[in-house]
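The sequence and structure come first.

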Amino acid sequence: MASYRYERDIDPKDTAPRKERQYTRKERWANWWDYNLKWVIIIGIAAAFAAYNFIGQYFFVTKPDHNVAVVAPYYLPEDTVNALQDALAAYGEDRNGDGKVVVTLNVYTLDYSDTETQTESAAYLTMAGTTKLAADVQGGLSSVFLLWDPAGFEESTGSLRYLDGTLPAADSDEDWWNMVYKWDDCPVLAGLDLGDYGPDTTQSRSGSSQEYMSRFYVGMRGAWNSGTADNLAGGEEFWQKLTEGAVSTAAPEG
C-alpha cells in the first residue's frame, strides 16, 4: 500500500485518464507511410522487376523459329555458333510471324565417355549438360541435333528417328548409324560459309568453322506422341532443306 506521503503529493489531474487524440486524415496517412514505406518500396521494386521480365520476355526477347541442339564434350567457339545460326536461318521459315527467321543453337556440353575416368570439372559439365539436355528432349524443344557422339547420345536419350522418317523400337540404340548423317554427307551443311573462329572466353584456338563442324553428325528428333509433334512443328521442312541431296556414310563403330 502506498504511503500517505506519496499520495499527498499526487495531483488529481495526473491520475485523470488522458483523452485519446483524434488524428486528422492527413496525419493518419502520414503515420501509415512512416510505418509502411519500407514495405511499399520493397513490394514496388518486386512488382517492377516482375513487370520488366514479363514485358522483356514477351515483347523484346527474340523468339526463335527453329531450335537446333548441339551436343559435344566441349564448348563450341562463339564465332562458330554465331555464324552457324545466321547461315541456318536461310533455310528456315518465319514461323512466329515477326518478320524475320531466327535459328537458335542450344549448346549442351556433355561427354558420354567413361565417367570413371573424367576429371572433377569434366564430370560437373557432364552433369549440368545432362540436366539441360533432358529438359530439351522431354519438352521437344529442338528438332535437329548436331552430335559429336551420336552413339552415346542415342543410347542415353533414345530420341532420334531413322533417316527415312520411321521411329525405331525401344531396343534399337545400337542402330544409331541409320539415324544420322555425317556433316560432310550433307551438301547443304558442308557448303555453308561459316568463316573462321578465334579465341574466346571458352577456348584459345583459331581455325575454320566449317572444318570444325565436319566432325559432327546430324540427326532428327523423333515424335512418339502428338504433344512432341506439335512442339516440333516446322522441324520436318527445316530438316529436309538441310539434308537435301545427302547420302549417309555413317557406319557402326568397330
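Ser143 lies in the loop between α5 and β3; helices (H or I, at least four residues) and strands (E, at least two) are DSSP runs, numbered from the N terminus. The model is a predicted one, in which local features need pLDDT of at least 70 and side-chain atom pairs count only at pLDDT 80 or more, while totals for chains, interfaces and linings use all residues. Residues are numbered from 1 along each chain as its sequence is written, and side-chain values use heavy atoms, with hydrogens and water left out.

Ser143 counts as buried because its relative accessibility is 5%; buried means under 20% relative accessible area, exposed over 50%, and partly exposed in between (1.4 Å probe, protein chains only). Not counting residues up to four places away in sequence, Ser143 touches Asn67, Gly219, Met220, Arg221, Leu232 and Gly235. Contact here means heavy atoms within 4.5 Å.

**Overall content**

The protein has ten helices and seven strands. Of its 254 residues, 34% are buried. Among contacts between residues at least 6 apart in sequence, 70% join residues at least 24 apart.

Helix α4 has twelve residues and reaches 17 Å from its first C-alpha to its last, close to the 16 Å expected at 1.5 Å a residue. The expected span is 1.5 Å times one less than the number of residues. Thr80, Val81, Ala83, Leu84, Gln85, Ala87, Leu88 and Ala89 are the buried residues of α4.

A nonpolar core is a set of buried Ala, Val, Leu, Ile, Met, Phe, Trp, Tyr and Cys residues joined through side-chain atoms within 4.5 Å. The largest such core holds 31 residues, of which Leu84, Leu88, Leu146 and Met213 touch the most other members. At least two residues of this core come from each of β1 (66-72), α4, β2, β3 (144-147), α7, α8 (209-213), β7 (217-220) and α10 (235-242). Helix α4 provides the largest share of this core, six residues. Leaving aside neighbours within four places in sequence, Leu84 is in contact with Leu105, Leu146, Trp183, Leu192, Leu194 and Met213. Another core, apart from the largest one, has 17 residues, including Ala69, Val137, Trp176 and Ala250.

In α6 (residues 150-157), the residues Pro150, Ala151, Gly152, Phe153 and Glu154 are buried. Just after α6, Gly158 takes a positive phi of about 55°.

Val188 sits in helix α7 (residues 187-190). Is Val188 buried or exposed? Val188 is buried, because its relative accessible area is 15%. Apart from neighbours within four places in sequence, Val188 is in contact with Tyr91, Lys241, Leu242 and Glu244. Val188 and Leu88 are 100 residues apart in sequence, and their C-alpha atoms are 9.6 Å apart in space.

**Pockets and cavity**

On a 1 Å grid over the protein atoms alone, a cavity is a set of points where a 1.4 Å probe fits but cannot get out, and a pocket is an open set with protein on both sides within 12 Å along at least five of seven lines; lining residues have an atom within 4 Å of a point. Grid points are joined across faces, edges and corners, and a volume is the space filled by probe spheres set on the points. In the table, Ala, Val, Leu, Ile, Met, Phe, Trp, Tyr, Cys and Pro count as nonpolar, Asp, Glu, Lys and Arg as charged, and the others, Gly among them, as polar.

| Site | Volume | Lining by class |
|---|---|---|
| Largest pocket | about 210 Å³ | seven nonpolar, four polar, two charged residues |
| Second largest pocket | about 150 Å³ | four nonpolar, seven polar, two charged residues |
| Largest cavity | about 40 Å³ | nine nonpolar, no polar, no charged residues |

The largest pocket is lined by 13 residues, and Tyr75, Val107, Tyr108, Thr109 and Lys132 lie nearest its centre. Two or more lining residues of the largest pocket come from each of α4 (78-89), β2 (103-109) and α5 (120-139). The largest share of that lining, four residues, is from α5.

The second largest pocket has a volume of about 150 Å³. Its lining consists of 13 residues, with Asp65, Asn67, Arg95, Leu141 and Asn231 closest to its centre.

By this rule there is one cavity of 30 Å³ or more. The largest cavity is lined by Val68, Leu84, Leu88, Val144, Leu146, Trp183, Leu189, Val218 and Leu242. Helix α4 and strand β3 are the elements that give two or more residues to this lining.
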